[in-house]
Amino acid sequence: MKRLTIFAIIFVFLLIVIIPVILVFGIKYIPSGTQPSLGNTKKIYGEIVLSQSFISEKDNLSGIGVSIKNPNFANKKEARVNIYDGEEKLIRTVALNGQNIADGKFVKILFEPILDSKGKEFSWTFSSPESVFEDALEIFLTNDPPSWSLDLKVSGQVEDGGLSYVTLHKVASHTEVLEMILSGWLNNLVQDKPFFITYSLLIVTSVGTLIYLSSTRKN
């Protein structure tokens, strides 16, 4: 029984610690937060250009994640995303094509990391000059933009709200990601009762099953 108890403790330790460690190596990008709620959409075609400015929350800015509508893959035209620094200097360009964007898809627009981006202002634009109104891609808006998201402009004119997006930051250290996962896990454990109960039941059930199987083999 003593060996069984030790084995059960080791199993619980592995469940709590090792699994998050394994998950770490599958994460390449850290989002700036949770994507804001989705509201109306804005069509992008012809001379219409969306521009969204923001303050980078972390270093290694390397992408934008945004939800885009493209019903029935109607749009198969080229779209372009430009990234500008705080002085409106073009620093990154990414080409997209509507034929690769499913309706409502969360699209990760990735580019070469900007290493020292934390706390600095940037903006990104989305345009598709070859598209027409009937087949235009649509970008989701939100009425509840995060504090780090600044002005939204449509063809140079400031509008209320903002785009529903997150910034993506390339992982520089797996230790940082592990700390983030464990911190989130602990916060959920302390603050989220359903999560605490579910996770506790999982551990108790797993340990109980191990003890039962062990005792059955002995008999």
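Figure 1. Buried stands for under 20% relative accessible area, exposed for over 50%, and partly exposed for anything in between (1.4 Å probe, protein chains only). Strands (E, at least two residues) and helices (H or I, at least four) are DSSP runs, numbered from the N terminus. In soluble globular proteins, nonpolar side chains tend to be buried together.

Residues are numbered from 1 along each chain as its sequence is written. As this is a predicted model, local features need pLDDT of at least 70 and side-chain atom pairs count only at pLDDT 80 or more, while totals for chains, interfaces and linings use all residues; side-chain values use heavy atoms, with hydrogens and water left out.

**Figure 2. Zooming in on F126.** Skipping residues up to four places away in sequence, F126 touches I44, I48, V49, L50, I68, A79, R80, V81, L96, L137 and I139. A contact means heavy atoms within 4.5 Å.

**Figure 3. The largest pocket.** This pocket has a volume of about 260 Å³. Of its 13 lining residues, S51, S53, E88, S123 and K153 are the closest to the centre. Strand 3, strand 5, strand 8 and strand 10 each give two or more residues to the lining, and strand 8 has the largest share with four. By type, the lining splits into two nonpolar, six polar and five charged residues. For the bookkeeping, Ala, Val, Leu, Ile, Met, Phe, Trp, Tyr, Cys and Pro count as nonpolar, Asp, Glu, Lys and Arg as charged, and the others, Gly among them, as polar. On a 1 Å grid over the protein atoms alone, a pocket is an open set of points where a 1.4 Å probe fits, with protein on both sides within 12 Å along at least five of seven lines, and lining residues have an atom within 4 Å of a point. The volume is the space filled by probe spheres set on the points, which are joined across faces, edges and corners.

Figure 4. S123 sits in strand 8 and counts as buried because its relative accessibility is 13%. Beyond its neighbours up to four places away in sequence, S123 touches S51, Q52, S53, F54, N82, I83 and Y84. E88 belongs to the loop between strand 5 and strand 6, and at a relative accessible area of 65% it is exposed. Phi of E88 is near 60°, a positive value in a residue other than glycine.

**Figure 5. S155, another residue with positive phi.** S155 is in the loop between strand 10 and strand 11 (157–159). Its phi is near 50°, and S155 is not a glycine. With a relative accessible area of 40%, S155 is partly exposed.

**Figure 6. K105 and its surroundings.** K105 lies in strand 7 and is partly exposed at 39% relative accessibility. Leaving out neighbours within four places in sequence, K105 is in contact with V66, S67, I68 and N100.
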